[in-house]
Structure formats: structure tokens, C-alpha cells
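Reader: Could you walk me through a few features here, one at a time? I'd like the general idea and then the case at hand.

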Amino acid sequence: MAGVRGGVRQSAAVVMAAVLAAVLAGCGAPSAGERAAEVQRMLDRRGEALVRRDEGAFLNTAAPGDRQAQRRVFGNLADVPLDSYSYRLKSGLPDGSPAEATLEIGYRLRGYDTAAVTTTEQVLLRESDGRWYVSWPGRSTAGERQQLWDQGRVQVVRGKRSIVLGVGRSEAWLRSIAAAADRAVPAADRAWSGTWARRVVIFAPESLAAMARMLGSPPADYRGMAAVTTGEAGAGRSAPADRVVVNPEAYDLLGEVGRRIVLTHEITHVATRAATTSATPLWLSEGFADWSGYRAASRTPRQGAPELARAVAGGYLPQELPKDRDFRFGSDQDALARAYEEAWLACVLIAERWGQEKLEAVYRGVGKGGRVGAVLQEELGVGLGEFTESWRSYLRAQLG
């Protein structure tokens, strides 16, 4: 019996050891899912602090050694009217400290965005005493793009139909852009009868190089371009307002009329965004925006198409409407200018011969996925070949 009792006691000890091991395992290091949840809760507090303008709560999410740098990050956004700002842990679940992770960042500007503008950022996360922190503000992963507030403290100027966010520029300069945008919005609205916000967000970085960092491309791609519009074609009416990004170096070289043309062109892109899809050829989207901009300034064909006029006078006449590749940034500047001018005059021809309503109808029909030739036939009564010949004759008559 003594042997049996000893065996029972030994078996009980083995069972208790197994139970204790299981309990200790349960009390050990958090699982990957638990760590990710804790990090996400910290990121939620961080985003909420930005919206509430609670610097203390924001800095509580920063690693102690990085709080001075992140105080500047918070200050850069101090005047930006945020309706929401969120961080979502996208990849790189922390399995130790420090840990690199990719975050999806979404924000909305109050009174302007109907949906969040999103981007990605890679950050370093650190754990200390059971809490997770952001160790440094992060860098972009989407073509090394920066947000405007990554470049310095943002100054905000409000117009009647616009909001201008700038870094490193004078308040007077920003106000001049807002005033020009306030005049351009109604001009774009007269060109496009569709539903749109009728207000615009404009970003004004300090330099061409800063603009290029925001857009994730080399500065050479935007040299000579006074402004560009961001946004995804076909995003629909629920998409956030596009951003017009100003190149201060090129914009400053323009006179008052030139600035109005540029801003009307870009804001027309904002107005037509819901009807613009991957099916819309660039000759139609860029030509329509130029038609909108130039009609507000009453430009004649020769005034609006000087490069093409010189080429036609020298015996050149395009055989077909410009291809999408002809509008590539960084390409031959003379050829790029001709592509824009050819596209503009194609839209001028439609508006003059068939009317503005038909020009809009062509734009909408193509954006819905219709073949260009079929839409031209349906709306104008001519196929692509006949329209192209009419356009070539129009170029010869106006510029020859």
C-alpha cells in the first residue's frame, strides 16, 4: 500500500506541475494579437488627442526620448481644422521592442472632406513597463510622400470658397491664393453643371522641392507647372475634396490672369472628379479643364496655343488626338505644351460647334466607360475619324 500511496502522490505532483505550468504560461508574455490590440488602443488615443488639441495626451503616446520632436509634430498641426485623425496598424505586428510597423493614416478637414484622406507611414514602436509608444514621427512609405505638416508648422487662411494651408509662406501670399481661388470656383462651376462641393482645399508648400516631396516625384517633373491636383479618378461623390497643390516658384512667375487660369483649370478637375474615371482619356480631362480656364480669361486660339501655333505655321499638323503618354510629366516641354493645346482646342471645337451641354455629355459618357468613338457618334453625330478630321481642319483654320 505504501508503494501505491507513493505512486499516487507522485502522479498528483506531476498533474499539479502541469497545471502550474499552464497557469504560468497564461500569465506570461502577451500574444501577438494582444500586443497588436494594445498598440491600436495607444494609436487611437494618439489620433483623438490631435483632434481634441490635447498636447499632453498626444505626448503620452510618444517614447520619452522622442517627446520634444513629437511636440513639434503636434505644433505643426495646431491650426489645421481636423474633423478626424486616425492611425490603423496595417502591418508589422510587434513581436518585440523596438518594432517597425506600417500605419494607415486617415484624416478629414472640417467643412471640406466627406471621407478620410488616407496615406501610409512607417513608424518605430517601443514598449516600456508594459506600455507601447511611438518612438519617432515616422516616414512615408507611399513613394516617400510627405504630408504638408511634416514640413513645418502649417498656417491656415480661409476664403469664402477655399481654405489654403501653407508652410514657410507669408500670410499675405496665402491670402492672395485664397482670393484667386474664390474667383476660380465660380468660373469652374459655370463650366460644369454637375453636383460638386463648390469649395476647394489648396496646399501651398514652401518650394518646388517641398512640393515634389509631397507628391512623391522628382522636382523636375513639376518644374514650370504652377499647380497640380491630387485625387483618384472615379472616386465618386463620397470621396474627399481633391487637394490643389501650388508650385510657388512657377506660380509666382504668373500674372493675375495666368494665376486665375491655372486655378480655374485645377479646380475644374475637382468639379469633374466624380465623372472622371480611368476610361477618360487625358485629352478630354485636360482639354476640358483648359477650356474652363481659358474661357474665363477670353483667350483666343493663338493666345492659348502659342507652341502649337508655331508648329502649325511651320507645317506641322497632328494626325490624331494626343495620347495619354503625351501628357507625362518630365517629358519634352514643347511636346507637352502642344499636347495640352491640342486637347484644349478639341474641347473648344466641341463647345463652339455643338455647345457646352454636348461637351459635358461627351465627358460624362466617356467617363461611364463608353468608347470615345461611340460616345462622339451618339452625342455629336460624328465618329472618331470624322471628328479628328474636323479638329485638324479647325487647327489649320485657327492657327495656320
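This is a predicted model: local features need pLDDT of at least 70, side-chain atom pairs count only at pLDDT 80 or more; totals for chains, interfaces and linings use all residues.

Reader: How many residues of α6 are buried?

Author: Buried means under 20% relative accessible area, exposed means over 50%, and partly exposed is in between (1.4 Å probe, protein chains only). In α6 (residues 208-215), 6 of the 8 residues are buried, so the helix is largely enclosed by the rest of the structure. Those residues are Leu 208, Ala 210, Met 211, Ala 212, Met 214 and Leu 215. Their cover includes β7 (200-204), β8 (227-229), β9 (243-246) and α7 (248-251).

Reader: And how do I read a pair of packed helices?

Author: Two packed helices are described by the angle between their axes and the distance between the axes. Axes are lines fitted to C-alpha atoms, for helices over the stretch in contact, and angles run from 0 to 180 degrees between N-to-C directions. Take α5 (residues 171-191) and α9 (residues 282-297): their axes come within 9 Å and cross at roughly 120 degrees. The two are therefore oblique to each other (under 35 degrees is roughly parallel, over 145 roughly antiparallel, 65 to 115 roughly perpendicular, the rest oblique).

Reader: Which residues make the contact between α5 and α9?

Author: Contact means heavy atoms within 4.5 Å. From α5 come Ala 187, Ala 188, Arg 190 and Ala 191, and from α9 come Phe 288, Trp 291, Ser 292, Arg 295 and Ala 296.

Reader: Is His 269 buried or exposed?

Author: His 269, in helix α8 (residues 256-272), is buried, with a relative accessible area of 11%. Its side chain joins that of His 265 through a polar contact of 3.1 Å. The term covers a pair of N or O atoms within 3.5 Å; within protein, one must be able to donate a hydrogen and the other to accept it, and residues adjacent in sequence count only if both atoms are side-chain atoms. Leaving aside neighbours within four places in sequence, His 269 also contacts Thr 229, Asp 242, Ser 285, Glu 286 and Ala 289.

Key
Residues are numbered from 1 along each chain as its sequence is written. Side-chain values use heavy atoms; hydrogens and water are left out. Helices (H or I, at least four residues) and strands (E, at least two) are DSSP runs, numbered from the N terminus.
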